[in-house]
Amino acid sequence: MRRAADDGRADYLAFVEAHQHRLLRAAYLVCGNRHQAEDLLQEALLKLALRWPSVRDGDPAAYVRAILYRDAVSWWRRRRRERLSAYPPERAGADADDALRLSVRAALDRLPPRQRAVLVLRYFEDLTEAATAEALGVTVGTVKSQCHDALRRLRQVAPDLGGAGDGLVTGMEANP
């Protein structure tokens, strides 16, 4: 009996070791703050550990992502919106990639949490609409409308990122 418990622990540790960096990046993109992202991931991994025997044979990464996104939205609702940053706002990016990264981060910060979560799942995690809907616990139609609204809002708050006709690939363009 003890060996079975040890095997489960080893599997869990192997999963965490293999997936923690990607999950941390996803958490960071959703909440916009490294420290909060670390806290969210730690809580999600704790919840996973408690459910590991029933989740490990399925898709534990999807389970953790769903926890991350739902907890991030819940955290945002509970707290006032405060913008924390690792660097003072006066710090300029070193090159065009840094400037783009900062623009995207600032634009994501201006989106509601559900829209941000939909964009991260769809375009960063590269999930399908159905998988995104399942992770967030909403319908596919909600994912489509939230994605559409989020992309429209991004174009409004960050016109420097470019529109669909300006070379920005959003996945919403029609094939010529």
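**First stop: charges over rings**

Select R22 and F124: the charged end of R22 sits over the ring of F124, 5.7 Å from its centre. Now pick R122 and Y123, where R122 lies over the face of Y123 at 5.8 Å from the ring centre. For a charge to sit over a ring, NZ of Lys or CZ of Arg has to be within 6 Å of the ring centre and within 35 degrees of the ring normal.

A word on the ground rules: this is a predicted model, so local features need pLDDT of at least 70 and side-chain atom pairs count only at pLDDT 80 or more, while totals for chains, interfaces and linings use all residues. Residues are numbered from 1 along each chain as its sequence is written, and side-chain values use heavy atoms, with hydrogens and water left out.

**Zoom out: the fold**

Back in cartoon view, the protein has seven helices and zero strands (DSSP runs numbered from the N terminus: H or I of at least four residues for helices, E of at least two for strands). Of the contacts with a separation of 6 or more, 65% are between residues 24 or more positions apart; contact means heavy atoms within 4.5 Å.

**The aromatic cluster**

Next, select Y12, F15 and W52, which ring pairs link into a cluster. Rings of Phe, Tyr and Trp (its six-membered ring) pair if their centres lie within 6.5 Å; planes under 30 degrees apart are stacked, over 60 edge-to-face, and the rest tilted. The count comes to two aromatic pairs. Y12 and W52 are edge-to-face, at 5.5 Å centre to centre with 75° between the planes. That pair joins helix α1 to helix α2 across 40 residues. F15 and W52 are tilted, at 5.7 Å and 40°, and sit 37 residues apart, again in α1 and α2.

The cut-offs are under 20% relative accessible area for buried and over 50% for exposed, with partly exposed in between (1.4 Å probe, protein chains only).

**Into the core**

Which residues have the most contacts inside the largest nonpolar core? They are L48, V64, L68, Y69 and L119, in a core of 44 residues. Such a core is a set of buried Ala, Val, Leu, Ile, Met, Phe, Trp, Tyr and Cys residues joined through side-chain atoms within 4.5 Å. Helix α1 gives the largest share, nine residues.

Finish on L119: leaving aside neighbours within four places in sequence, L119 is in contact with L108, L111, F124, C147, A150, L151 and L154.
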